[in-house]
Amino acid sequence: MNHQQPDHVTPSRTDKLLFTPGPLTTSSTVKQAMLRDLGSRDAEFVGVVQGIRQRLLGLAGVSQEDGYEAVLMQGSGTFGVEALISSVIPHDGKLLVIINGAYGKRIRDIALRHGIETVTIEGAENAPAVPQRVSESLAGDSGITHVALVHCETSSGVLNPVREIGAVVKGFQRAFIVDAMSSFGGIPLDMAGCGIDYLAASANKCLEGVPGISFVIANRAQLLASGGAARSVSLDLLAQWEGLEKDGQFRFTPPTHVILALHQALLELNEEGGVAGRAGRYAANHAALLKGMRRMGFREYVPSESQSHIITTFLLPQDPKFNFEAFYQRLSAKGMVIYPGKLNAVDCFRIGNIGRLFAGDIESLLAAIEATLSDLGVSTLDRIPSR
Ligand SMILES: Cc1ncc(COP(=O)(O)O)c(C=O)c1O
């Protein structure tokens with residue numbers, strides 16, 4: 001038997017660049033951090049988990065002393081959101097979901113599947129949610145116990161006014177749940193100042209880890225008070241927290257390699273200057289992307305003032321020579337992966353600028369787009385519809 005180590009354990013540098021909302025392009029060192037087999041009950045792993053939980057609280061601007069806890073949950077981001085929604089709303093509670101895109105709808109669907117009484121406010125997919133409408137809903141329905149909002153609606157890139165809506169929710173003394181999946185770590189967020197009681201996010205977006213672990217940051221008093229509400233065993237948020245508190249271990253097998261990658265990713269986030277540093281890089285990526293795309297004639301779906309610097313939705317050109325599938329495949333062949341649209345109202349595609357991407361990568365993408373348009377014979381984009 002040949003016991004020789006392969007000499008290609010270093011991650012390939014030939015991977016395509018991912019201009020998507022996740023999984024994302026990650027650093028070599030984040031990928032390398034996974035090249036270990038660590039026992040999930042080993043003291044070293046328990047220490048890593050504890051360190052991650054502390055760092056996540058810090059990124060949200062809170063601490064255990066302030067009464068907040070970070071609970072890691074196995075699975076992609078949706079598992080964290082489902083653990084949260086299905087665990088903390090009491091059986092006689094009622095959830096108001098503010099919807100302006102696919103991820104708000106997903107929260108509604110999760111709640112309905114668990115038999116949670118749910119009401120919604122639905123707004124346009126290219127406009128931020130309106131605090132006044134939340135105020136009217138809460139004033140008109142004293143049965144609502146919890147309000148859920150998506151911070152950055154990744155389906156369009158629109159950024160919702162989390163602070164203003166938090167102030168409304170707190171004014172009515174209801175609990176505030178925020179899905180900050182695509183913004184956490186990439187847009188500064190003061191959890192307590194925004195009145196957020198529960199926040200869900202995952203490793204593989206602005207934290208630049210790999211997929212497989214999500215987390216909830218919770219107001220401890222609220223979490224403790226939610227006992228008995230969980231509708232599932234594996235996604236029971238309070239039980240998960242109690243397990244982690246008891247002996248630092250997960251109740252069920254954790255994705256050890258993914259957690260090691262997250263640990264490394266958090267060190268790298270810190271080295272970059274924390275959330276402010278990372279937000280600066282993403283904002284520069286976004287500005288360069290918009291400049292280049294506008295120069296080529298593309299139009300965005302979300303007005304500039306409501307866009308996040310996470311992901312941008314571009315309207316599909318009307319030129320009959322423009323075929324999205326061909327456009328996508330040709331860019332992919334050039335090593336650039338973009339993302340299809342996810343909206344009801346318009347035909348569009350999306351370009352993400354989060355992950356281990358820098359100004360030079362955006363320039364490479366823009367050059368590839370220009371060359372692809374020329375390959376396809378799309379000479380002018382002046383027939384792109386206005387919003
Ligand atoms: C705002 C938001 N919520 C939830 C999710 C779901 O996360 P996942 O696809 O990791 O389950 C995403 C994924 O893009 C998201 O952007």
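Predicted model: local features only at pLDDT ≥ 70, side-chain atom pairs only at ≥ 80, totals over all residues.
I started with the largest nonpolar core: it holds 113 residues, and Val71, Leu84, Val147, Leu199, Phe215, Val216 and Ile217 touch the most other members. Helix H9 (residues 256-271) supplies the largest share of this core, seven residues. Domain 1 (28-270) and domain 2 (274-376) both give residues to the core, so it lies between them.

Not counting residues up to four places away in sequence, Leu199 touches Ala60, Val178, Ala180, Met191, Val216 and Ile217.

**Domains**

Next I checked the two domains. The domain assignment gives domain 1 (28-270) and domain 2 (274-376). Their centres, taken over C-alpha atoms, are 28 Å apart. Domain 1 puts 24 residues into the contact and domain 2 puts in 22 residues. On the side of domain 1 that touches domain 2, strand E7 (158-159) and H9 are the elements that give two or more residues. I sorted that side by class and got 11 nonpolar, 10 polar and three charged residues.

**Helix H9**

H9 has 16 residues and reaches 23 Å from its first C-alpha to its last, close to the 22 Å expected at 1.5 Å a residue. Its buried residues include Ile259, Leu260, His263 and Leu269. What do the buried residues of H9 pack against? I found helix H1 (28-32), helix H2 (43-59), strand E10 (213-219) and helix H10 (274-295). Just after H9, Gly273 takes a positive phi of about 100°.

**The ligand and helix H3**

Then I went to the ligand. There are 13 residues around the ligand, and Ser76, Gly77, Thr78, Thr154 and Met181 come nearest. By class, that shell has five nonpolar, seven polar and one charged. Which helix gives the most to the shell? It is helix H3 (residues 77-88), with three residues.

In H3, 10 of the 12 residues are buried, so the helix is largely enclosed by the rest of the structure. Among the buried ones are Gly77, Glu82, Leu84 and Val88.

Reminder: most residues other than glycine have a negative phi, and most peptide bonds are trans. I went looking for exceptions.

Gly22 and Pro23 are joined by a cis peptide bond, with omega about 0°. Pro23 sits in the loop between strand E1 (17-18) and H1.

Gln173 is not a glycine, but its phi is positive, near 55°. I found Gln173 in the loop between helix H6 (162-171) and strand E8 (175-179). Gln173 has 8 other C-beta atoms within 10 Å, so it is exposed.

Glu208 isn't a glycine either, yet it has a positive phi of about 65°. Its place is the loop between strand E9 (198-202) and E10. Is Glu208 buried or exposed? It counts as buried because it has 28 C-beta neighbours inside 10 Å, and the cut-off for buried is 20 or more.

**Ser63**

Last, I looked up Ser63, in the loop between H2 and strand E2 (68-74). Ser63 has 12 C-beta neighbours inside 10 Å, so it counts as exposed. Leaving aside neighbours within four places in sequence, Ser63 is in contact with Leu57 and Tyr68.

Conventions:
Residues numbered from 1 in each chain as written. Near = placed C-beta within 6 Å. Helix = DSSP H or I, 4+ residues; strand = E, 2+ residues; numbered from the N terminus. Nonpolar A, V, L, I, M, F, W, Y, C, P; charged D, E, K, R; others polar. Core = buried A, V, L, I, M, F, W, Y, C linked by C-beta atoms within 7 Å. Domains from an automatic or database assignment. Contact = placed C-beta atoms within 7 Å. Expected span 1.5 Å × (residues − 1).
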